[in-house]
Amino acid sequence: MDDLKPNDLSAVVEADRAHIWHHLLPHKALETTDPRIIVEGRGMKVWDQHGKEHLDAVSGGVWTVNVGYGREEIADAVRDQLVKMNYFAQTAGSIPGSMFAEKLISKMPGLSRVFYANSGSEANEKAFKMIRQISARKHGGKKHKILYRERDYHGTTIACLSAGGQQERNAHYGPFTPGFVEVPHCLEYRRHEQGLEHLSGAEYGRAAADAIEEVILREGPDTVGALCLEPITAGGGVIVPPEGYWERVQEIVEKYDLLLHIDEVVCGVGRTGTWFGYQHYGVKPDFVTMAKGVASGYAAISCLVTTEAVFEQFKDDPTDKLHYFRDVSTFGGCTAGPAAALVNMEIIEREGLLENCQEMGARMLRNLGQLMEKHEVIGDVRGKGLFLGAELVSDRDAKTPVEEAHVQAVLADCMKQGVIIGASNRSIPGRNNTLCFSPALIAKPDDIDAITEAVDGALGRVFGH
Ligand code: PMP
């Protein structure tokens, strides 16, 4: 058989059917339809194998392509770097590694060290390992527990799933890694499920954080070493923490001498209108992990960033070699990552994309609010910057999540209209009932309006009003 040619798209589809194991996809669905092959992208648009144009409202499906498709400037920088020096393990340094680290750190006051890896899960694993090692060194291993929050997600590996608060993702993969303990969520819209419906705003914010303290006291403060949180929960339903929440979290972290690990894999590098999500809340992390938007998908790169105080604890101790961080990520040494990430960040600065993200996010939130007035089925809209969700319910008072089949019908209707939206987010009872929007930070008013118009039409057709 001849080699497959890239322009023979029907052969590409057949090879996909025969050999590709798609992510997050029940393959039965492909028995009746063709897999979708994305052939080309420019700006906010992508084209599939049929030449159909789509407006991408989810930045590559999973909140990744922050600066949009087709950036020749990034591709050129990666190409030039790879030809000059593509790889050497991070036991040594590299020119783009230093340049990007310096730029990144300039946006993260209080933090100073970058550990390169290649996926969000991996960066989180590194943080967990450092936390455990600090516990071993300072507390004889006793203060080793890592708290994570219900609805948060930290990655796909077994340890990350052990720190994952979405039960629907964890089923079948146990037994899990010990030492990870769940704390309650902070979704004001569903505070009735915590018996806190009488509270709202800052009162609820403090109460939701107080629930973390209760867990610490129950577990024993001398056993709890760290708290790992998403600044704004992504895959668990786009949960923007209520007012007062993060302030109280910071108090708790200090009171119980916890390390604070913030997972910026989705929020990081502009998605919420600031460089990092935690910067909306004035908290002081010890560890920050990031991946998706770091190089907008032009290269695989993730970073774990720490304070100098954390780093100091891992300096080689000649009397005990175990006190350094005996860890490596092979592809953390591939220079494509920092070369792409550096230009990605320069583009965000030069084109004013943080400001654009704030403006377009406000526009989208306003549009979604108007849709909520029109469509009973929207129970809540929430978000920050270009990171938004609309939760669908069949009964506004009871807040009953709509059937998942209806949400899939909304997605399919939007797709037919040429707009890709997401709904991999689930409400607390575990249904895919939160529509999810994360357009590239380059979105223009017309793009935002086109997305919400498509949703308007889809909701009308699927729910009949
Ligand atoms: N943390 C968060 C908040 C995420 O959303 C994800 C991915 N969806 C991860 C970690 C894991 O990242 P990766 O898929 O790159 O391992």
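Helix α5 (residues 120–139) is the top contributor to the shell around the ligand, giving 3 residues. Keep in mind that this is a predicted model: local features need pLDDT of at least 70, side-chain atom pairs count only at pLDDT 80 or more, and totals for chains, interfaces and linings use all residues. Residues are numbered from 1 along each chain as its sequence is written. Helices (H or I, at least four residues) and strands (E, at least two) are DSSP runs, numbered from the N terminus.

**Around the ligand**

- The ligand is surrounded by 16 residues, and the closest are Ser119, Gly120, Ser121, Gly155 and Val265. A residue is near a molecule or strand if its C-beta atom, placed from the backbone, lies within 6 Å of it.
- By type, the shell around the ligand splits into 6 nonpolar, 8 polar and 2 charged residues. Here Ala, Val, Leu, Ile, Met, Phe, Trp, Tyr, Cys and Pro count as nonpolar, Asp, Glu, Lys and Arg as charged, and the others, Gly among them, as polar.

- The chain is divided into domain 1 (11–67 + 352–463) and domain 2 (73–350), with bounds that come from an automatic or database domain assignment.
- Taken over C-alpha atoms, the centres of domain 1 and domain 2 are separated by 26 Å.
- Domain 1 puts 33 residues into the contact and domain 2 puts in 31 residues; two residues are in contact if their C-beta atoms, placed from the backbone, lie within 7 Å.
- On the side of domain 1 that touches domain 2, the elements giving two or more residues include α2 (59–63), α12 (353–374) and β12 (388–395). Of the elements on that side, α12 gives the most, with 5 residues.
- That side of domain 1 is made up of 13 nonpolar, 14 polar and 6 charged residues.

**The open sheet**

- Four strands line up in the order β1-β2-β3-β14 to form an open sheet with mixed pairing. Two strands pair if DSSP finds at least two bridges between them.
- β1 (38–42) and β14 (419–420) are at the edges with a single partner strand each, so one side of each has no neighbour in the sheet.
- β1 pairs with strand β2 (residues 45–48) in the antiparallel sense over 4 bridges, and Glu40 stands opposite Trp47 in β2.

- Strand β7 (residues 224–229) is mostly covered, with 6 of its 6 residues buried. A residue is buried if 20 or more other C-beta atoms lie within 10 Å of its own, exposed if 12 or fewer, and partly exposed in between, with C-beta atoms placed from the backbone.
- β7 pairs in the parallel sense with strand β5 (residues 145–149) over 4 bridges; Val224 in β7 is the bridge partner of Lys145.
- β7 also pairs in the parallel sense with strand β8 (residues 259–263) over 4 bridges, where Leu227 stands opposite Leu260 in β8.
- β8 and β9 run parallel and are joined by 3 bridges, with Phe287 in β9 as the bridge partner of His261.
- Strand β9 (residues 287–290) is covered on both faces: Phe287 and Thr289 are buried on one side, Val288 and Met290 on the other.
- β9 pairs with strand β10 (residues 302–306) in the antiparallel sense over 4 bridges, and Met290 has Cys303 in β10 as its bridge partner.

**Helix α9**

- Which residues of helix α9 (residues 245–255) are buried? They are Tyr245, Trp246 and Val249.
- These residues cover an arc of only 85 degrees around the axis, which puts them on the same side of α9; the arc is that of the directions from the helix axis to the C-beta atoms.
- The cover over the buried residues of α9 includes α8 (201–219), while the face turned away from the buried side carries exposed Glu254 and Lys255.

**Backbone spots to look at**

- The Gly174 to Pro175 peptide bond is cis, with omega near 0 degrees, and Pro175 lies in the loop between α7 (167–170) and β6 (180–183).
- Trp63, in helix α2, has a positive phi of about 55 degrees although it is not a glycine. Trp63 counts as buried because it has 23 C-beta neighbours inside 10 Å.
- Ser296 sits in the loop between β9 and β10 and has a positive phi near 50 degrees. With 28 C-beta neighbours inside 10 Å, Ser296 counts as buried.
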